[in-house]
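Student: Hi! I've just opened a new structure and could use a hand finding my way around. Can we go through it together?

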Amino acid sequence: MMTELSAQTGLCAIQGTVTTDWDSQAALIDAGGFPNWVSLNPPSGVSWEVKMYSQQPIEIQGLTKGDMHFKSNAIRIESAEQAKAMFGAWKDPFPAQYGFLREYHVFTTKKMDTNNILNLANLQNPFMPGFSGSSLNENQLIFGLAREYTTLSGSTNDNQFVNDGRLVLNYENVLGSGVPVAQGRIWYTRIFYCWLNAAGGSAPESPPQFVDMPATRASLVGEVVKPQNTLEHFQVLANNEGIGSW
């Protein structure tokens, strides 16, 4: 019988105004204005390299009791709309340093620490758990999804269809292979990364810059299976803990 494990994250919206910095928005996030969202990089003046994440455990003791395993077959991401952002419209004299948005949904057998999150929330050469430099190995990455969006802003004249923040999805890739889980808890982490410039929007033709991440439900779709023998069970437990590779 198919089983679904799900985690939900609320929206996170960073809205620019015609100001000189992002301090008010950073303070709002730090004060819990968007529950469960955490900023890893404070703004510096008008420029902000935004590194945000939300993380939660999923308890599965009821599925794995009696030495049973949960085996994922697919990852599913649900939201009512896609992410939106404005990095500097046509004629904006102060565009963001880069005009793209990256988003990650990651299920792991162990909690991703700050270093592993920053490995993905990184401008150049982001890398996922299981790659060299990560404290998690490939057997601890259950499933994930990587997306990158680019903006329509600046591609044409100033009009409402450019200025509403619509993005184009230009990259999507499934991470992981659905490794079996024998332990009683897994972790879900959602990350997004972009650049914003608070000085953008100061010209009459240019709206303020922003990023708007919708509420999302991320799920692992799989089934509960019985290992062939005790040896297989302990091999899966060792893989979940990152003890060697079996």
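Student: Let's start with Asp30. Which helix is Asp30 found in?
Tutor: Asp30 belongs to helix α1, which covers residues 23-30. Keep in mind as we go that this is a predicted model.

Student: Got it. Is Asp30 buried or exposed?
Tutor: Asp30 counts as exposed, because its relative accessibility is 61%, and the cut-off for exposed is over 50%.

Student: And how far apart are the C-alpha atoms of Asp30 and Pro42?
Tutor: They are separated by 9.8 Å, with the two residues 12 apart along the chain.

Student: What about Asn36, where is its place?
Tutor: Asn36 sits in the loop between α1 and β3, the strand of residues 37-39. Its phi is near 75°, a positive value in a residue other than glycine. Most residues other than glycine have a negative phi. Asn36 is also exposed, since its relative accessible area is 60%.

Student: Which other residue has a positive phi although it is not a glycine?
Tutor: Asn125 is one, with a phi of about 55°. You'll find Asn125 in the loop between α3 (114-120) and β8. Asn125 counts as exposed because its relative accessibility is 66%.

Student: Zooming out now. How many helices and strands are in the chain?
Tutor: The chain has 5 helices and 12 strands. Of its 246 residues, 48% are buried. If you take the contacts with a separation of 6 or more, 80% of them are between residues 24 or more positions apart.

Student: Which residues of α5 are buried?
Tutor: Those are His233, Val236, Ala238, Asn239 and Asn240. The buried residues of α5 pack against β5, the strand of residues 69-78.

Student: What goes on at the start of α5, and what comes just after α5?
Tutor: At the start, a side-chain oxygen of Asn229 reaches to within 3.2 Å of the backbone nitrogen of Leu231. Just after the helix, Gly242 takes a positive phi of about 80°.

Student: Which residues lie nearest its centre?
Tutor: Tyr104, Pro126, Ala146, Tyr171 and Leu175, out of the 13 residues that line the largest pocket.

Student: Why does Thr216 count as buried?
Tutor: Thr216 counts as buried because its relative accessibility is 6%, and buried means under 20%.

Student: So what is Thr216 in contact with?
Tutor: Setting aside neighbours within four places in sequence, Thr216 is in contact with Ala7, Gln8, Thr9, Ile77, Glu78, Ser79, His105 and Arg190. With Arg190, the side chains are joined by a polar contact of 3.2 Å.

How values were computed
Residues are numbered from 1 along each chain as its sequence is written. This is a predicted model: local features need pLDDT of at least 70, side-chain atom pairs count only at pLDDT 80 or more; totals for chains, interfaces and linings use all residues. Side-chain values use heavy atoms; hydrogens and water are left out. Helices (H or I, at least four residues) and strands (E, at least two) are DSSP runs, numbered from the N terminus. Buried means under 20% relative accessible area, exposed over 50%, partly exposed in between (1.4 Å probe, protein chains only). Contact means heavy atoms within 4.5 Å. A polar contact is a pair of N or O atoms within 3.5 Å; within protein, one must be able to donate a hydrogen and the other to accept it, and residues adjacent in sequence count only if both atoms are side-chain atoms. On a 1 Å grid over the protein atoms alone, a cavity is a set of points where a 1.4 Å probe fits but cannot get out, and a pocket is an open set with protein on both sides within 12 Å along at least five of seven lines; lining residues have an atom within 4 Å of a point.
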